[in-house]
Amino acid sequence: MTGFEGIEAVLLDWDGVLHYWQGDGEREGEQAESLPAKAIASAAYGTDAYEYAKLGIFTDAQWRASVAENLARRFDGRGREAVRMWSADRGHLADGAIEFLAQLRERFVVALLSDSTDILVADLERFGVDTAFDHIFVSARAGMTKPAPALYQHAATAMSVPPARILVVDDLLVNLPGARSVGMQVAHFSPQSSLSSFVHEHPILEEPCSFG
């Protein structure tokens, strides 16, 4: 899709676009405490505590403590060290992310919108991109998660940009209808994409400068 019109702002997702998880800490933690593969994921995601953390009802620390307690109940007291190792792994920044964001900010208002716990702010600082955005929207702060139309409208209002002039980039197709419903333009960042290939596929993001 290249037919974007009148774009003034780009609203980017975090995980799957600018940041990736390889799961090293999760696997190493499970191996260290002789837990089955995917034990941490099954205790962490798709749980009430995780949903509460994304909405800001629980802190990230409270959610991770609940994961440790869940594992300890299931595996004879084991799991707390596994959770510590999993939590210490903060993933990695996508190749070229800093340059990509700098290029976009030369022409657009650039914002981040992520379904995340309150740990995201510290992660942005860790990766040196906390000042790379004009606006940062985190579900745990907003009290809403994607694909709620109200969350996208909240972002547009805070940016003072009409929704029709905002391009939303997300790796999850399920999130895009919420943005589209308030009038935003959308682009799917496919799992096979890199930031450089995505820019070249969407010339409006590339001109007048070139992304390396």
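Colleague: Which residues of the largest nonpolar core touch the most other members?

Modeller: This is a predicted model, in which local features need pLDDT of at least 70 and side-chain atom pairs count only at pLDDT 80 or more, while totals for chains, interfaces and linings use all residues. Residues are numbered from 1 along each chain as its sequence is written, and side-chain values use heavy atoms, with hydrogens and water left out.

The largest nonpolar core has 32 residues, and those touching the most other members are Leu 12, Trp 14, Leu 18, Leu 101, Val 129, Phe 133 and Val 169. A nonpolar core is here a set of buried Ala, Val, Leu, Ile, Met, Phe, Trp, Tyr and Cys residues joined through side-chain atoms within 4.5 Å; buried means under 20% relative accessible area, exposed over 50%, and partly exposed in between, with a 1.4 Å probe and protein chains only. At least two residues of this core come from each of strand S1, helix H6 (97–105), strand S4, helix H7, strand S6 (166–170) and helix H11 (195–201). The greatest contribution is that of H6, with 4 residues. Helices (H or I, at least four residues) and strands (E, at least two) are DSSP runs, numbered from the N terminus. In soluble globular proteins, nonpolar side chains tend to be buried together.

Val 169 shows the surroundings of one such member. Setting aside neighbours within four places in sequence, Val 169 is in contact (heavy atoms within 4.5 Å) with Val 10, Leu 11, Leu 12, Asp 13, Val 17, Ala 187, Phe 189 and Phe 198. Another core, of 18 residues, lies apart from the largest one and includes Leu 11, Tyr 152, Leu 176 and Val 186.

Strand S4 (residues 109–114) is largely enclosed by the rest of the structure, because 5 of its 6 residues are buried. S4 runs parallel to S1 (residues 9–12), the two being joined by 4 bridges; strands pair if DSSP finds at least two bridges between them. Within this pairing, Leu 11 stands opposite Ala 111 of S4. S4 also pairs with strand S5 (residues 135–138), again in the parallel sense and over 4 bridges, and Ser 114 has Val 138 in S5 as its bridge partner. Together with H7 (residues 120–126), S4 and S5 make a right-handed β-α-β unit: with the strands pointing away from the viewer, the path from the first strand over the helix to the second runs clockwise.
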